[in-house]
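Dear colleague,

I am handing over a structure for you to look through, and below it you will find some notes on what turned up. Please keep the structure open while you read.

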Amino acid sequence: MAALAANRDPASIQLIAVSKTRPASAIRTAWENGIRVMGESYVQEAVDKISQLTDYPIEWHFIGPIQTNKTRLIAEHFDWVHSIDRLKIAQRLNDQRQKGLPPLNVCIQINISAEASKSGVYVDDVDELAAAIKELPHLQLRGLMAIPSRTPDRNEQHQFFSAVTETRQRLNNQGFNLDTLSMGMSDDLEMAIRAGATHVRIGTAIFGVRA
Ligand SMILES: *Cc1c(COP(=O)(O)O)cnc(C)c1O
């Protein structure tokens, strides 16, 4: 619906069902309803569920904050990581990615509303981090992720998301080849899609309110 309202092809937008805090049974039900891509934020919880769901060829996306001591589990169990915000994390994921697996798809998380409390790199620092990640052979830099500060003001939402889109354009003009904009959650997906999101991360609107 949001894609059509924004004059965009729904097939150009990947829905990530954010299954954090949901039991494996809820993920099975989502799978039976056609959902193939899941997002998780807590490493140990996610790995426990992934181990219970090996019969389901789900594409797993890690979207939460990353501590250095958790990178190995992430590198071993996930297909994508959206929340890279420093080189040390990228280097560890690169070194710990098993050689038999395809490169880990990664996004740099940017702190688009420049709040001290939010994770992600500032826009001014993204070029340097992107250039360094591009050199890591077991990572594939796909794009940018952002979680703007919550606001009910749709114009403000659109401005934040557009700034992410412009940052990707600026990087691509320098020779990067970034195809991904991971932005938009249950409350702001419409404006994210209007601004060019390629991946929306939706929890509540699929699974209901988290306990
Ligand atoms: C929890 C979470 C979501 C989903 O949020 P909803 O409001 O439930 O749609 C999306 N992205 C990230 C990074 C999250 O942690």
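Which backbone oxygen lies 2.8 Å from a polar atom of the side chain of K49? Before the reply, please note that this is a predicted model, in which local features need pLDDT of at least 70 and side-chain atom pairs count only at pLDDT 80 or more, while totals for chains, interfaces and linings use all residues. Residues are numbered from 1 along each chain as its sequence is written, and side-chain values use heavy atoms, with hydrogens and water left out.

The backbone oxygen in question belongs to R22. K49 itself is found in helix α3, residues 43–52 (helices are DSSP runs of H or I with at least four residues, strands are runs of E with at least two, and both are numbered from the N terminus). K49 counts as buried because its relative accessibility is 5% (buried means under 20% relative accessible area, exposed over 50%, and partly exposed in between, with a 1.4 Å probe and protein chains only).

H61, which lies in strand β3, residues 59–62, also counts as buried, because its relative accessibility is 0%. The side chains of H61 and H82 are joined by a polar contact of 2.7 Å (a polar contact is a pair of N or O atoms within 3.5 Å; within protein, one must be able to donate a hydrogen and the other to accept it, and residues adjacent in sequence count only if both atoms are side-chain atoms).

A11, by contrast, counts as exposed, because its relative accessibility is 69%. A11 is found in the loop between α1 (2–5) and β1 (14–18), and from C-alpha to C-alpha it is 9.5 Å from T198, although the two are 187 residues apart in sequence.

Turning to the ligand, the residues that surround it include V18, K20, S41, I63 and R210 (a residue is near a molecule if one of its heavy atoms lies within 4 Å of it). An oxygen atom of the ligand lies 2.5 Å from a polar side-chain atom of S186, and an oxygen atom of the ligand is 2.5 Å from an N or O atom in the side chain of T204. A nitrogen atom of the ligand is 2.9 Å from an N or O atom in the side chain of R201. On its own the ligand has 390 Å² of accessible area, of which the protein covers 92% (accessible areas come from the Shrake-Rupley method with a 1.4 Å probe; for residues, only the protein chains shown count as cover).
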